[in-house]
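Trainee: I would like to learn how to read a structure like this one. Please take me through it feature by feature.

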Amino acid sequence: MTPTVLRPLAFGLASSLLMLAQAAAGADGEAIIQKGGANPAAMPCMSCHGADGKGMAAGGFPRLAGLPEAYLAKQLADFRAGRRESPLMQPIAQALTEAETAAVAGSYAALPKVNVKASALERPREGTGAWLALRGAWDRNIPECTLCHGPSGVGVGDAFPPLAGQSAEYIEAQLRAWRGTPAQPGNRKTKPVAAVPPTRRNDPNGLMQHIAADLTEAEIKAVAAYFAGMGETTESFDASQHRLR
Amino acid sequence: MMMITPRWLGAALLPLLAAQALAAEPARNPRLDDQTQLPKAPTRALGQTYFQPPAEADMPSNAYGDLVRRGQDLFMNTKALAPEYVGNEMNCVNCHIDRGRKANSAPLWAAYTMYPAYRKKNNKVNTFVERMQGCFQFSMNGKAPAPDSEVLTALTAYAYWMSSGVPIAKAMPGRGFDEPPLPRGGYDIARGRVVYDKQCAICHGADGEGRKVGATSVFPPLWGKDSYNWGAGMHRINTAAGFIQHNMPLGRGKTLSDQEAWDVAAYINSHERPQDPRLVNGDIDETRKRYHAEDGVNLYGVVVDGRKLGQGVR
């Protein structure tokens, strides 16, 4: 037999193995994304996260395509447990079985990762979103975003998701979710407003919470716009190249 | 009867040891051993603020400013821009947070004006350029660029610019890492592992291997072949404890207690790393005696869990 004959055979074997694995897990991630889970409350992911998994900026629905599998699985588990609050996502996460959760995370992780064109050294101006992303605000112990989320915010490992590829709406909403809002004391004219505690409490070691709490509203908007404006390239990521900081 | 105290014993043995050392390396000048290194940086007085280096926007738009910018680029992307001098996955900015500006993260503005100074490390008076050569040789486990090289000239220009306004030879609060005192009960490596797994592993990896994006190191390796070598200042537990307590986890400095900082520093520095390039006659014990025995608190040449540290890894 020649290799050309072998190849389709091997492919057939691999795909039947894959189907076997899916049957064993009892869930097909692709099907859940398109048609929803076994429980009708687990709506199809694509209705909000897009047919290509790249999210929908207008609704603040994040990109899931190419995010790390472990990160996605953790977020679904955190929605289920209430460590990440969302009136929309919590019931969905609760309606997914463990096997479905794992399958969906796997399917989205298998989609192409976001890639940003490697650029020359950027020289940000102080007071801009780029400055926060590349320099931080160390007088307030705020590290530059790219220090953990990687050069161009393409994400690092399972714990630091890509910021590139996400919309400004989503990034802003997450920073506010980590921050909550402080209480407003009342006076003769206005009633006191109670503090809104953070609705997202699932950052490892509280790494994001204090950063979000110390950013101003203008900084949140600026830094979110910076990452949202990075765009995306269809070129594949060249792992042999350095990304300059 | 006369008590034999360790000190008395030491005094009695000293001439013997000195004779041995002299025999081993006749070129060594014992007189220099009496000289003190840089004095400890003063602690910041209550209400006093740390020195504020000039803003990046104030780098001049001329040839000098270009050299300063080049120095900053090299400082942040050392491995990518000067690969011939970097033998591991470290960059200057890994130990000198915020581009060498942050107090208690060995800021450049507190170091530049303190040289030339005597250093026990190589037993001579070092210029600032020689001090930086040490960073390449030990912390970056590489090769020291020549004193008049473009790399060291640019890095010097960057440090000089950042020190604009600092009095020459004045010890500034915030220099070095402001090490916490050794806790009364000492340190504990096993306890340090618990701290590491909980607080550090998420970025630096369960086995201290660090993390990369493409070819670029994002979180530096803390031990193993791609980390700082046994001759780097960071291999001292006291030094690492100071760095960690002030700067780690990133953005959450000063959250670890003295005890936790010492314990986790000891855990990190109880792992193998590249050999000390000053290795004497291929012998760990000799090297310990010459360079490590009185160099703060460190585990080079010390047996931990039945294994003598300092073997080195490539």
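Trainee: How many residues does the contact take from chain A and from chain B?

Mentor: First, the conventions: this is a predicted model, where local features need pLDDT of at least 70, side-chain atom pairs count only at pLDDT 80 or more, and totals for chains, interfaces and linings use all residues. Residues are numbered from 1 along each chain as its sequence is written, while chains are lettered from A and ligands numbered from 1 in the order in which they are written. Two residues are in contact if their C-beta atoms, placed from the backbone, lie within 7 Å. The contact takes 30 residues from chain A and 22 residues from chain B.

Trainee: Which classes make up the side of chain A that touches chain B?

Mentor: Ala, Val, Leu, Ile, Met, Phe, Trp, Tyr, Cys and Pro count as nonpolar, Asp, Glu, Lys and Arg as charged, and the others, Gly among them, as polar. That side of chain A has 16 nonpolar, nine polar and five charged residues.

Trainee: How many helices and strands does chain B have?

Mentor: Both are DSSP runs numbered from the N terminus: helices are H or I with at least four residues, strands are E with at least two. Chain B has 12 helices and six strands.

Trainee: Why do the ends of helix α2 of chain B lie 20 Å apart?

Mentor: The expected span is 1.5 Å times one less than the number of residues. Helix α2 of chain B (residues 63-76) has 14 residues, so it should span 20 Å, and its end C-alpha atoms agree with that.

Trainee: Which residues of α2(B) are buried?

Mentor: A residue is buried if 20 or more other C-beta atoms lie within 10 Å of its own, with C-beta atoms placed from the backbone. In α2(B) the buried ones include Leu67(B), Gly71(B), Leu74(B) and Phe75(B). The buried residues of this helix pack against α3 (78-81), α4 (92-95), α5 (97-100) and α8 (150-162) of chain B.

Trainee: What is the largest nonpolar core, and which element gives the largest share of it?

Mentor: A nonpolar core is a set of buried Ala, Val, Leu, Ile, Met, Phe, Trp, Tyr and Cys residues joined through C-beta atoms within 7 Å. The largest has 99 residues, and Phe227(A) and Leu155(B) are among those with the most contacts inside it. Its largest share, eight residues, comes from α8(B).

Trainee: What does Leu155(B) touch?

Mentor: Leaving out residues up to four places away in sequence, Leu155(B) touches Gly71(B), Leu74(B), Phe75(B) and Met132(B).

Terms used. A residue is buried if 20 or more other C-beta atoms lie within 10 Å of its own, exposed if 12 or fewer, and partly exposed in between; C-beta atoms are placed from the backbone.
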